[in-house]
Amino acid sequence: MPTLNIQGQRVKVDDAFLSMSPEEQDKAVDEITQSLSAGPQSADISAAAASARAGIEHAIANSTLSPEERRARVGIDPATGEPPGVPVYQPKTSLEDKAGAFSTGGLQGVPIVGPYLDKASSAAAAAMAMPFTGRSFNELYDEGNRYSQDVRRDNPHTATAGGVTGAVAATVPAMVAAPAAFGIGVESAPLRYGLSALSGAGINVADAGVRSGGDPKEMMNAGLVGAGLGLVAPAVAPLVGRGVKALADNVQISAVARALGLDKRAISVLAKAAKDDAIDPAVLPDLGADGMLMDLGPNMRHTAGAIAATPSEGKQIVRGAIGARDADANWRIRAALDNTLGPAPTPSTIAERIGRNQQRLQPEYREALRDAGPVDTLPIARYLDTEAQSLRGEPQRAVQRVRAMLDHQPTPADIARARVNGEPPPGTSLVTDAGELLNTRHAIDDMLETTQGSNAVNALTTARQAVDDELRASVPGIKEVDAKYAELARQRTALQRGQTVLSDGREAPRPDELAAEVRQGALPQGMQVGPSAVPLRLREGARAEIERIVGTRANDRVALQQIIKGEGDWNRARLSSLFGADKANAIIDLLDRERLFADTSNVVTRNSESAARLAAQRAVTGDEGYGFGVPEAFMAGGVRGAVRASGYRAAENIINALREGGNEKAISDMARSLTAGQQSPVLEALMKASRGSRLQQSEVDRVARALLLSGPTTTR
């Protein structure tokens with residue numbers, strides 16, 4: 001049945017009311033209104049007053065109840081904190097939901113295209129789920145969008161982290177691809193800041209336009225914020241990069257110190273020294289068993305020198321290691337040379353043995369001369385007479401002496417025999433005996449050893465050749481004996497030659513000349529059978545000379561290295577020709593190592609003594625302002641003085657740092673590390689610490705720039 005609303009009350013009407021005219025209906029309504037206004041109003045007021053009194057009494061009663069009793073009277077569920085029938089809200093905070101918040105936040109955080117990527121992700125998920133759910137694409141798409149919004153709302157921090165990651169991941173590759181567009185690497189400061197501000201404004205204007213539907217106000221605000229952040233990025237980002245890098249490096253140094261059981265300060269100082277020296281870890285094994293970490297660079301040596309000047313246990317460790325190594329230097333050098341080149345021979349002993357072997361050939365000469373016939377020296381005499389007439393000076397006198405050797409003087413027996421036979425005394429005649437002619441050749445050989453001047457030597461050589469040709473023709477078998485004698489003579493000459501190959505004078509052979517001498521010396525000469533021992537004698541002469549140098553210079557390893565190795569590469573080439581490249585390199589490496597050890601010893605002891613003396617002087621005079629710096633050292637001692645002063649200053653700075661630190665354990669740990677050899681794990685750990693963490697400052701710089709340039713984006 002139809003009803004009317006009159007003064008807030010519903011009044012039923014019948015068909016008779018509906019059949020009335022409008023005027024009649026208005027009149028009927030007025031009557032109903034008057035009847036309703038007569039008595040029920042007072043009744044409503046009384047009911048309201050009674051309800052108010054009951055409410056006041058109920059409030060007074062509730063005020064005396066505890067919170068738990070109030071919740072129990074109302075019927076609130078203690079587990080959910082909600083009245084009965086209210087559904088419990090379950091936030092989406094599971095690990096799966098957090099992953100969804102991070103991933104969707106990452107998509108949303110990508111500048112400019114982030115919203116499109118998020119929608120594309122939801123659309124792709126809906127399309128893949130349709131065949132398995134039987135639901136429509138729109139239902140699944142809307143459900144996916146609601147889920148993304150819910151997980152981001154319930155996991156705001158995770159979603160923000162995802163947004164930051166998305167912004168950085170999208171911006172950093174652009175910086176790598178086109179760094180100049182972001183002001184990275186631009187030399188001009190105004191241009192660098194301008195490009196950074198321009199890129200920040202451009203990214204954020206475009207991003208705000210996409211997210212706000214093209215709202216000009218939003219785009220303007222985002223552009224101003226982006227430009228401001230871009231303007232400060234070139235200054236702030238490098239600071240952030242250095243700070244993060246320093247923090248990461250400090251963490252790594254702490255980890256290295258714990259792993260080695262060493263003091264963190266010690267590792268920090270040594271790692272800095274190793275980094276400044278640009279140490280190559282492959283160098284330490286090349287220094288052999290006696291190499292130490294302090295040998296690897298000037299900063300490492302200065303650090304050791306500083307410790308050697310600091311009263312502590314570390315001072316004794318460093319000085320003890322250096323002293324022990326220096327004490328064994330002579331033995332170490334000689335042992336290495338003996339192992340590489342063999343024991344050193346004595347040249348005089350070899351020369352005596354060669355002379356005895358030549359004397360042992362005399363019986364063979366006598367055997368050859370026994371069946372020899374008379375020699376014809378007339379052609380030789382005529383040749384020498386002619387030369388004596390034309391030559392002058394020393395060549396003439398040399399030829400005349402040889403000519404006189406061809407005259408046979410009668411012996412007393414010859415004169416007596418002539419008298420018995422009634423003959424006149426015999427006069428001077430030419431030599432016919434092969435033995436006398438052989439002695440003439442020997443005499444010419446002696447003259448050649450002492451004769452000066454090329455003309456005289458040429459004249460004697462020609463005369464000897466003439467004598468030798470006659471002996472070859474008249475005495476069968478003599479050339480075989482001559483070959484043996486000549487081989488021994490060549491060996492004697494090679495022994496003497498070998499003692500000059502390492503000198504730097506004009507008499508020393510050039511590398512190519514020595515190599516040719518070794519090759520030719522091995523070939524047999526004349527009627528000799530088999531290879532010659534000339535290369536052996538050359539090596540023995542050189543080995544003997546090396547031993548002589550070591551014997552007179554072993555305490556000065558710097559001079560020893562300079563003499564044997566030389567200034568250039570000639571001596572290395574000469575040694576390679578005599579002993580082979582491997583042994584030559586071993587010798588040079590030995591000398592280089594020993595010189596390095598000597599340099600380390602000098603730096604450590606010199607700087608430490610200088611620092612100790614200056615400290616004592618300051619303690620006596622009380623003058624802390626006294627200074628003798630590099631300029632003063634240069635004026636006093638030239639370049640070498642300046643170098644020494646620089647080394648001392650470096651050591652002094654380290655000493656002051658150590659003393660201020662007051663850490664005895666750090667000093668002792670550094671001393672043990674610096675004196676450690678190639679078997680120690682310290683070097684590898686130091687290299688790891690010196691390289692710092694794998695985190696690169698430039699990488700942090702770009703991330704910081706990306707966060708600043710896309711800052712507004714990541715918060716939307």
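The model is predicted, so local features need pLDDT of at least 70 and side-chain atom pairs count only at pLDDT 80 or more, while totals for chains, interfaces and linings use all residues. Residues are numbered from 1 along each chain as its sequence is written, and side-chain values use heavy atoms, with hydrogens and water left out.

**The largest pocket**

Select Asp-445, Arg-464, Tyr-485, Ala-486 and Ala-489, the closest to the pocket's centre of the 23 residues that line it. A pocket is an open set of points on a 1 Å grid over the protein atoms alone where a 1.4 Å probe fits, with protein on both sides within 12 Å along at least five of seven lines; lining residues have an atom within 4 Å of a point. Next, colour α21 (434-450), α22 (454-474) and α23 (478-498), each of which supplies at least two lining residues. Helices are DSSP runs (H or I, at least four residues), numbered from the N terminus. The greatest contribution to the lining, 9 residues, comes from α23.

**Within and beyond α23**

Select Lys-479 and Asp-482, whose side chains meet in a salt bridge (3.2 Å, N to O). The term requires a side-chain nitrogen of Lys or Arg within 4 Å of a carboxyl oxygen of Asp or Glu. Both residues lie in helix α23, 3 residues apart, about one turn of the helix. The structure holds 30 salt bridges.

**The surface patch**

Finally, select Ile-112, Val-113, Tyr-116 and Leu-117, which form a nonpolar surface patch (residues with over 30% relative accessible area and no salt bridge, nonpolar side chains joined within 5 Å). Together they have about 330 Å² of accessible area, by the Shrake-Rupley method with a 1.4 Å probe. Tyr-116 belongs to helix α6 (residues 114-133).

Terms used:
Patch = residues over 30% accessible without salt bridge, like charges linked within 9 Å, V, L, I, M, F, W, Y side chains within 5 Å.
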